[in-house]
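Please open the structure in the viewer and keep the selection panel at hand.

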Amino acid sequence: MTLQNGSVISTQSCSGTADKNSNLRWDLSPEEIRHQTQRLILRIKQAYDTVGSLDIGKVCFENTLQVIANAKADYAASRHVLDFPQYVSPCKEVRVASTEADKCLSDFDVEVSMRADVFQRLIALQVPLTIILLLCDQSIHRKACDASTVSAPCSAGLARCQRRSSKLQAFTEKQSGDLLPESERFLGRLIKLGKRNGLHLSKDIQEEIKSISKQISELSIDFNQNLNEENTVLLFSEQELVGLAESYVNGLEKTEDGRYKVTLAYPHYFPLMKRCHVPETRRKMEMAFHSRCKDVNTAILEQLIELRARLAKLLGFSSHANYMLEMTMAKNSENVARFLVGEQERQYLLSLKEDDCERRDLDFDGQLYAWDMPYYMNQVEQVKFAVDKDKLIEYFPLEVVTEGLLSIYQDLLGLTFQQVEDAHVWHDSVKLYSVQDSVTGEEIGQFYLDLHPREGKYGHAACFGLQPGCLGHDGNRRMPVAAMVANFTKPTSSWPSLLQHHEVETFFHEFGHVMHELCSRTRYAEFSGTQVETDFVEVPSQMLENWVWEKEPLRRMSRHYKDGSPIPDCLLDKLIASRVANTADQTLHTKDRADTAAEFAKHSKDILGIPATPAGGYDGQYYSYLWSEVYSMDIFFSRFKKEGILNPKVGREYRRVVLEAGGSVDGMEMLKTFLGREPCQDAFFQCKGLTQTITEQNSH
Ligand SMILES: [Zn+2]
């Protein structure tokens, strides 16, 4: 693929600054993965041992915080060569070795996080600094007072005072280095994490915490690996797939006897559940989807629940146990939020079902099943907004979307992407891009695009940070590297890869995370890229989703796959107007959402800036999602929508204030800087409650 304003360059020509470039290798053998994992562990352990064995009276910035920072930067840059192949390697043995490596490294993470010796030295580094600063202050103050009590200033006294104060200052600097705000934040964070791990508790309890944490992380890895290795295929005849778009059916592989192979991957599962007219096909699919790895994973889940409850209790979090549990459960079980359908809506969906059954000559039993929900919700959408998705999809060939998307991000953030020719990658369908600042020409990072499903590959869309954009041990900047992994239908010889609009949205969202990683310019690996507060991490990407609901960007990302014609205006208008139904379709029905917003408003003060607590029956995960939506809507409407959604000035400012800072600054501080005021909820409520206004605005 050729980029709009990017030519293809070779790997050699972009490796001018050798130490900055990534030397990521994706061809390690299982043996090499095992070997390098052990070496990495040994190297990092040595650094921690050095810090842990320091005379506690001699700790200073250089021999403690800096050593840990260097070790962390090394670790973050070396780890993903070992643990990332489990998601993408075409070779099963490599995936297995990489999963093993991930387990070893996760065990090691637990071990490192439980280093009480290092924790004590960090405390020692923090405590005297405060005392020294206090003493220094008092002593200067007292001397100054002493001096002022004598009628003529005593020059000897003043000199002694100055000498002493500069001596104290030198001492402080030696102890702390130039303790920049980011260093102070780093120290504070290490100590906070130590306390969360109970390092201030008794030795026995620490040991127990350690063993539980290890078990939890191993079980989580197994759980995910089971899902990745899931390869169930269901076979359906053409009649059993009635209702599905031509593009969907043509994209399916066939068996020798002419039946179609449907997998349980999202791009197969969701369209079928929404569109297939045959209830029996949807039922089979729903059953298979919900029994993915059922036997093994149910057992794992049960163990996880028990271990987490025990851990929460040990850490004194008993009142928060449910909360923690909910958060992690939702994360691991991929429990997509159930539709909350009120009685009125249920009756309406049932009436649709009755009509449908009559039309298709099916039995109507007056029940609404799980496999009916996506199908009839989709009909509601069709009835309300009449977006012809079969037509729409023809305007989103993957290459056109990719080209448009990359060009929008480049223009907006002031970046230039160039595809790296003959790049070293893990599969020949993967592409590598070099990212430069479009003004200075400096290469700031690299990213991979791995967009099609393969056997054994990670089944969802996600961004993986592979190297942090921080300072190395030599003080030189390290280049961030990230990968976008997705599962967009592969083009076949007779059919192009066409994207549904929601897939375009996913692409835009995940690529937003990639940019968050890539623009990172922090001092410490700990704060690089998306390592921000949990309720801030989705904000930049959610904000950027707005672009796929606006005319100009949509035009840039679309073209009919046959004749290259643009999307007709009427279709575009209908698509944009359907945004409301789309959000409803994603999580909740509109009516419940409105209630949620009111509920949310009532409690908003309580949860402002505080980790979300469950209230009114909504889980933390959902609150956190809502909360980031408040921020992202505020950013979008108050700056971009006002000053131009493709305005490079705003885009660059966004890059500098929000993306470059990573987690080195509080999310709230970044927001205030970018907005020029405290964030507020007006845009959010406008978007949720006054949808009419937004829709009208959009159709202009
Ligand atoms: Zn995301």
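Select helix H8 (residues 203-228) and helix H12 (residues 294-314), whose axes come within 9 Å and cross at roughly 155°. Axes here are lines fitted to C-alpha atoms, for helices over the stretch in contact, and angles run from 0 to 180 degrees between N-to-C directions. The angle therefore makes H8 roughly antiparallel to H12 (over 145 degrees; under 35 counts as roughly parallel). The model is predicted: local features need pLDDT of at least 70, side-chain atom pairs count only at pLDDT 80 or more, and totals for chains, interfaces and linings use all residues. Residues are numbered from 1 along each chain as its sequence is written. Helices (H or I, at least four residues) and strands (E, at least two) are DSSP runs, numbered from the N terminus.

Next, display the side chains between these helices. Among the residues of H8 that meet H12 are Ile205, Ile209 and Phe223, and those on the H12 side include Val296, Leu304 and Leu314 (contact: C-beta atoms, placed from the backbone, within 7 Å).

Now select helix H1 (residues 30-52) and helix H4 (residues 92-113), with axes that come within 9 Å and cross at roughly 10°. H1 is therefore roughly parallel to H4. Ile33, Ile41 and Tyr48 are among the H1 residues in this contact, and Ala97, Leu105 and Phe108 are among those of H4.

Finally, turn to the sheet. Three strands form an open, antiparallel sheet in the order S2-S4-S3 (strands pair if DSSP finds at least two bridges between them). Strand S2 (233-236) and strand S3 (253-254) are the edge strands, each pairing on one side only. Select Glu253, which stands opposite Lys261 in S4.

How values were computed: Angles under 35 degrees count as roughly parallel, over 145 as roughly antiparallel, 65 to 115 as roughly perpendicular and the rest as oblique. Two residues are in contact if their C-beta atoms, placed from the backbone, lie within 7 Å.
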